[in-house]
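Hi everyone, thanks for making time for this.

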Amino acid sequence: MSSSHFTFSIYFLTFALFLQTIFGASPLFHICSNSENFTTNDQYESNLRKLLGNLNYQTPPLGFGLGSVGWYQYQTYGIALCRGDVATTDCKTCVNEASNEIHRLCPYDKGAIIWYDNCLLKYSNKNFLGKIDNENWFSLLNVQNVSDPTIFNQKTRELLNQLATEASVTTKKYATGHIELGESTNLYGLAQCTWDLSSDDCFQCLEDAIGQLPSCCDGKEGGRVVGGSCNIRYEIYPFLSS
Ligand SMILES: *[C@@H]1O[C@H](CO)[C@@H](O)[C@H](O)[C@H]1NC(C)=O
Ligand SMILES: *[C@@H]1O[C@H](CO)[C@@H](O)[C@H](O)[C@H]1NC(C)=O
């Protein structure tokens, strides 16, 4: 898949959340691989449909699904991952929405990836299962500046490094936590990998994500670095429902 590094500013977060409540979640980002296309009624298309059907069925109960359908040039590989705290019904809604939306956004692409707040969905004709995705990344930030960036950045690294260590050794490849910033302020964080990665690769992926913070989010009150195999997030408010 093509290399992509993007940064967005979340100016209208409240408005976006308001729209989300009315119209359902919109994707955070997507990438069409643009490297190979299939045609209508191609064997690849029916394999892809079957794969997406399997992922829709398999993912919600556990929060992760992976699979492959077909042989040779028609083989397709896919994964779906819900954020670690997302309930089964919301996971199901998200993966279903993702399947429909990615089909609309990248109609004939053999490979594509789409991210939502609650889930990610990825497929390709190349076998990417168990490998770190170094190509598909994007970042989001909260434009508000912190008053003391040096200490804040250091605390952010400290929290996220700790969560990277935790996430890589847990079965759900997911960790959240917070540390105190001052008397009445906390810093909240999240780290998550797709389950097909080994513990070492999960840790490596999360460290790569943390390494991208200076170029996206240094000194900002919140940030996310999101990839095809892992993602991190920090905010000065609790951003998870649970
Ligand atoms: C696949 O289709 C897209 C959209 O029609 C096009 O932009 C892209 O160049 C095509 N890729 C190849 C390899 O033909
Ligand atoms: C944050 O700091 C940068 C650089 O000093 C400045 O350009 C920007 O306007 C500030 N953003 C806000 C929201 O105050």
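What share of the 242 residues of the protein chain counts as buried? The answer is 48%, where buried means under 20% relative accessible area, exposed means over 50% and partly exposed is in between, with a 1.4 Å probe and protein chains only.

A word on conventions. This is a predicted model, in which local features need pLDDT of at least 70 and side-chain atom pairs count only at pLDDT 80 or more, while totals for chains, interfaces and linings use all residues. Residues are numbered from 1 along each chain as its sequence is written, chains are lettered from A and ligands numbered from 1 in the order in which they are written, and side-chain values use heavy atoms, with hydrogens and water left out.

Now the overall picture. The protein chain has six helices and 11 strands; these are DSSP runs numbered from the N terminus, H or I of at least four residues for helices and E of at least two for strands. Of the contacts with a separation of 6 or more, 69% come from residues 24 or more positions apart, a contact being heavy atoms within 4.5 Å. The protein chain exposes about 12,000 Å², and carbon and sulfur atoms supply 52% of that; accessible areas come from the Shrake-Rupley method with a 1.4 Å probe, and for residues only the protein chains shown count as cover.

Let's turn to helix α2, residues 43-62. Its 20 residues reach 29 Å from first C-alpha to last, close to the 28 Å expected at 1.5 Å a residue; the expected span is 1.5 Å times one less than the number of residues. At its start, a side-chain oxygen of Asp42 comes to within 2.8 Å of the backbone nitrogen of Tyr44. Just after α2, Gly63 takes a positive phi of about 100 degrees. Buried residues in α2 include Leu48, Leu51, Leu52 and Leu55, and also Asn47 and Asn56. What covers the buried residues of α2? The cover includes β3 (64-69), β4 (76-82), α3 (88-105) and β6.

That brings us to the strands, which pair if DSSP finds at least two bridges between them. Strand β5, residues 112-115, is joined by four bridges to β2, residues 29-32, running antiparallel, with Phe29 opposite Trp115. Four bridges also join β5 to β6, residues 119-124, again antiparallel, and there Ala112 stands opposite Tyr123. Three residues lie between β5 and β6 in their hairpin. Within β5, Ala112 and Ile114 point one way and Ile113 and Trp115 the other, and all are buried.

Finally, the ligands. Which residues are around ligand 1? They are Asn34, Ser35 and Asn37, each with a heavy atom within 4 Å of it. A polar side-chain atom of Asn37 lies 2.3 Å from an oxygen atom of ligand 1, and the protein covers 34% of the 360 Å² of accessible area that ligand 1 has on its own. Around ligand 2 we find Val143, Asn145 and Lys220. Here a polar side-chain atom of Asn145 is 2.4 Å from an oxygen atom of ligand 2, and the protein buries 28% of the 360 Å² that ligand 2 exposes when taken alone.

Key: Polar contact = N/O pair within 3.5 Å; in protein donor to acceptor, adjacent residues only side chain to side chain.
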